[in-house]
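Hello,

Here is the structure you asked about. My notes on a few local features follow below it.

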Amino acid sequence: MRITHLHSTFVTPWGGAEAYLFALASAQRARGHDVAIITAVADGESIARAAAAGVRVTVRPTWRPYAPDRHGSSAFVRAVFHGVDTVHGVLLPRAYRRVQDDRDVVHVHRFQGVGASVLRARRAPVVHTAHDYCLVDTASTTMRRGALPARLGLVQRLRARIVSTSARRATVVVFPSERTRRRHAELGFRAGRARCLVVPHGWPAPPLPAEGTPPHRPRFVFLGKLQKPKGIDLLLRAWAEARLDADLVIAGDGPERPRVEAAESDTVRYVGWVDAEAKGALIRSATALVFPSLWPETFGLVIAESLLLGCPVVATPEAAGDLIVDGENGAVSRDATPSGFADALRRLATDAELRRTVTAGAAASADALDFDRHVERVDEVYRVARVAFETGA
């Protein structure tokens, strides 16, 4: 099969969507498919990693007023970016007019920075995976002032209406969870003739690091971008409130790094951004991973990595989704507040029987994340998309 994956950026350090894109494209290439990635921005490291897996990367730039994964310097600059992106929801940028030529399927992962018009199936079926909420919101998390409103403002609703003119002409829209599909519907997403399918993500099993020496007291580990939606402030406040005889190790980088560095103490250690090997070692050394995200994550890849390594997870209800079940493979806080998260940390740190139960449950959860089965499900999505495209159904 001739597959083109389209993602607006392909730049290290990868976020969850980029990591998933690479894992899927590599697995498809290993199965003998002709696989390409088209992006507006890429760096040498990402291109080289893809090439080593037999996946070619083509860069087709579009104009943008600021670099990817950065916030605009002012409200005006951000408005310009989203204004151009909204125009490209109707008018396909010249560089992307032929991306469907001679391809069996085009799989769009994130279109912001390129424009939603790439979702329209013209000469080949188009599948879009909703890794976040950019179909309905420029913020992609749908958060406003730390909360999840049931309705967005007029400007966002108008922008979403324009985006939907293209989204409705996609062949298939894939949601990683029923909760993600439901949140889109709550905010007004209507698929039109596009088929909506819920296909849970899988994740490749990470290599097992050396066992090492278990810590003498409970250890909790945070891995991810240090930014407000990921709940880093919530975690630090909860940790201060819990007053545990335990350790908290924080790995990652981002705008909240000064806040983390200021919080370092006898029980809080910051280790910076870590590579895959060091990440696996941190997870294996942990009593539990902590995932205090404040928005309804579509699929937390670090949760998947933790479960695949047999490590339970402490999460907020927003972060837990369908992956973490309280008392079975982790602890879910009663709410996304410092006191609620502190209670969840305290339960796991002080209850040895609960730790044994959720650790066994984490290992048992790994079966549902089998990546080979996920790739097969994606292949079936492509077959559904091709039949629908060819028949006009």
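Arg243 counts as exposed, because its relative accessibility is 75% and the cut-off for exposed is over 50%. Please note that this is a predicted model. Arg243 sits in the loop that runs between α6 (232-242) and β9 (247-251). Its backbone deserves a look too: phi of Arg243 is near 50°, a positive value in a residue other than glycine.

Ser140 also has a positive phi, near 70°, and is likewise a residue other than glycine. This serine belongs to the loop between β5 (126-129) and α4 (154-167). Is Ser140 buried or exposed? Ser140 is buried, because its relative accessible area is 17% and buried means under 20%.

Next, a peptide bond. Thr12 and Pro13 are joined by a cis peptide bond, with omega at about -5°. Pro13 is in the loop between β1 (2-10) and α1 (16-30).

Last, the surface. Which residues make the nonpolar surface patch of about 320 Å²? They are Val87, Val90, Leu91 and Ile162. Of these, Val87 lies in helix α3, which covers residues 75-87. With a relative accessible area of 46%, Val87 is partly exposed; the value therefore falls between the 20% and 50% limits that separate buried from exposed.

To find these places in the viewer, go to Arg243 in the loop between α6 and β9, Ser140 in the loop between β5 and α4, Pro13 in the loop between β1 and α1, and Val87 in helix α3.

Regards

Notes. Residues are numbered from 1 along each chain as its sequence is written. This is a predicted model: local features need pLDDT of at least 70, side-chain atom pairs count only at pLDDT 80 or more; totals for chains, interfaces and linings use all residues. Side-chain values use heavy atoms; hydrogens and water are left out. Patches are made of residues with over 30% relative accessible area and no salt bridge: like charges are joined within 9 Å, nonpolar side chains (Val, Leu, Ile, Met, Phe, Trp, Tyr) within 5 Å. Accessible areas come from the Shrake-Rupley method with a 1.4 Å probe; for residues, only the protein chains shown count as cover. A salt bridge is a side-chain nitrogen of Lys or Arg within 4 Å of a carboxyl oxygen of Asp or Glu. Helices (H or I, at least four residues) and strands (E, at least two) are DSSP runs, numbered from the N terminus. Buried means under 20% relative accessible area, exposed over 50%, partly exposed in between (1.4 Å probe, protein chains only).
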